Amino acid sequence: MGILRTAAEGGAEGGMKGSHASSHPPPLDSKMATVDYDSSADPEMDLTSDEELEREAEGFKEQGNVYYVKKDYAEAFNFYTKAIDLCPKNASYYGNRAATLMMLSRYREALEDSQQAVRLDDTFMKGHMREGKCHLLLGNAMAATRCFQKVQELEPESSQAQQELKNAESILEFERLAEISFEKRDFRMVVFCMDRALESASACHRFKVLKAECLALLGRYPEAQSVASDILRMDSTNGDALYVRGLCLYYEDCIDKAVQFFVQALRMAPDHEKARLACRNAKALKAKKEEGNKAFKEGSFEEAYDLYSEALTIDPNNIKTNAKLYCNRATVGSKLNKLEQAIEDCTKAIKLDETYIKAYLRRAQCYMDTEQYEEAVRDYEKVYQTEKTKEHKNLLKNAQLELKKSKRKDYYKVLGVDKNATEDEIKKAYRKRALMHHPDRHSGASAEVQKEEEKKFKEVGEAFTVLSDPKKKSRYDSGHDLEDDDMNMDFDANNIFKAFFGGPGGFSFEANSSLDLEISSSSLASLATSSMYAVVS
């Protein structure tokens, strides 16, 4: 210090004393000495310099405050940063910049500034409060609790600290409930808990990812995608968010794209076990489904049925793909005449995906094949309401017609013949049933049995009246109500019977007690040819 001061003084006075005074102009020597002068070595100059820096820093802080009040947080941040650059050991500057960063939603940076502020001044109450708020917003409720407890130590009457402690306790409770609910696969409850927690921890990516994952597991893919995309916009390397994006695509049956996201997630987080499992399941599910499709196309229905069944065991959470697998298995089941199983599979597919039109159509056809017409009409109505095509309209009309026909007496069932029965088969059936249910045959039975057999005898005659008349049969087969069509439906079962069997005396069970009911068709033809049409014309 003494040497530097002597040199400076010597420089100032160099023209009179120095031996080299004549060769160097004094002003130049004076200027050089001033540049080289170590001002920090002078306590008075140090004090002056520090005060100037502090005044300048305070000026920047005041300008920052002005911009903060105007809500121009970007400019406020700039001026607080200038103040910190001049006085890096001032806790309040870090505290102010932390407040600004919080308004800019840059909570991790705000947390760092808050922590620096309390490191510089452990009694800085606002610093502890802001650190706690940052921890809370980022989802670290335990750390936040410690900060708010410190605030209470510094200011026991702080109502804000008391309220924030309650918020932290609530978050911890919602985390606990969410963990239990996830294990129980109660994903709706997990979403509820995370929504409540995010009210205080709005910047917590962990809570958002858990919510998004559960939304995906609930089949609410657009919502899940939206949450994951918001995270990725802020942090493109977030492995959890990449996993959720892949999960949504996987559950929407976009398996190839899903695998790409799972692979990317594993690059960002090699130990991401959920991404690894989902990637493995996605590849296995795709392979097994394709094997089933191949077997079906080749006509190997039993093999296809087994392959679809195996595919359904791979991932119970994949709602959309499993709905398709159930519908595919139902298609195979109908080919194998497992109609009730096919209906059950379609119902499972619809339960997984209520908008799955193909499953409704498949189930409706199975209902038609099993003559459950009311159920078929209900399914076709659902389809037609969703997709008003000509094909769907025709399917609905056909089902409604079959339902209407099913509510009438089924004359084919009464006679015990197929709907494609020939005229000769109808005659044979009438003869057999008429003899079986004729009242005279049951004259010795109880009154109740006699009444029931008489009813059946009349139904047989009615059925024969319609099905043996080509015009009436055609109208009946078309679903028309014959009475509404003004067609003569008056008949007497006994007259039909007598006319059918012919002869002046008609038919007597006493005279033909040994008659075998299974008379040959040639005998039937000779009895019926001359008399039948006289009754039913």
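Ala, Val, Leu, Ile, Met, Phe, Trp, Tyr, Cys and Pro count as nonpolar, Asp, Glu, Lys and Arg as charged, and the others, Gly among them, as polar. With these classes, the lining of the largest pocket divides into four nonpolar, one polar and nine charged residues.

The model is predicted: local features need pLDDT of at least 70, side-chain atom pairs count only at pLDDT 80 or more, and totals for chains, interfaces and linings use all residues. Residues are numbered from 1 along each chain as its sequence is written, and side-chain values use heavy atoms, with hydrogens and water left out.

**The largest pocket**

A pocket is an open set of points on a 1 Å grid over the protein atoms alone, where a 1.4 Å probe fits, with protein on both sides within 12 Å along at least five of seven lines; lining residues have an atom within 4 Å of a point. The largest pocket has a volume of about 320 Å³, the space filled by probe spheres set on the points. Closest to its centre, among 14 lining residues, are Glu371, Tyr373, Asp410, Tyr412 and Lys419. Helix H22 (390–407) gives the most to this lining, with three residues. Helices here are DSSP runs (H or I, at least four residues), numbered from the N terminus.

Most residues other than glycine have a negative phi.

Note on methods
Helices (H or I, at least four residues) and strands (E, at least two) are DSSP runs, numbered from the N terminus.
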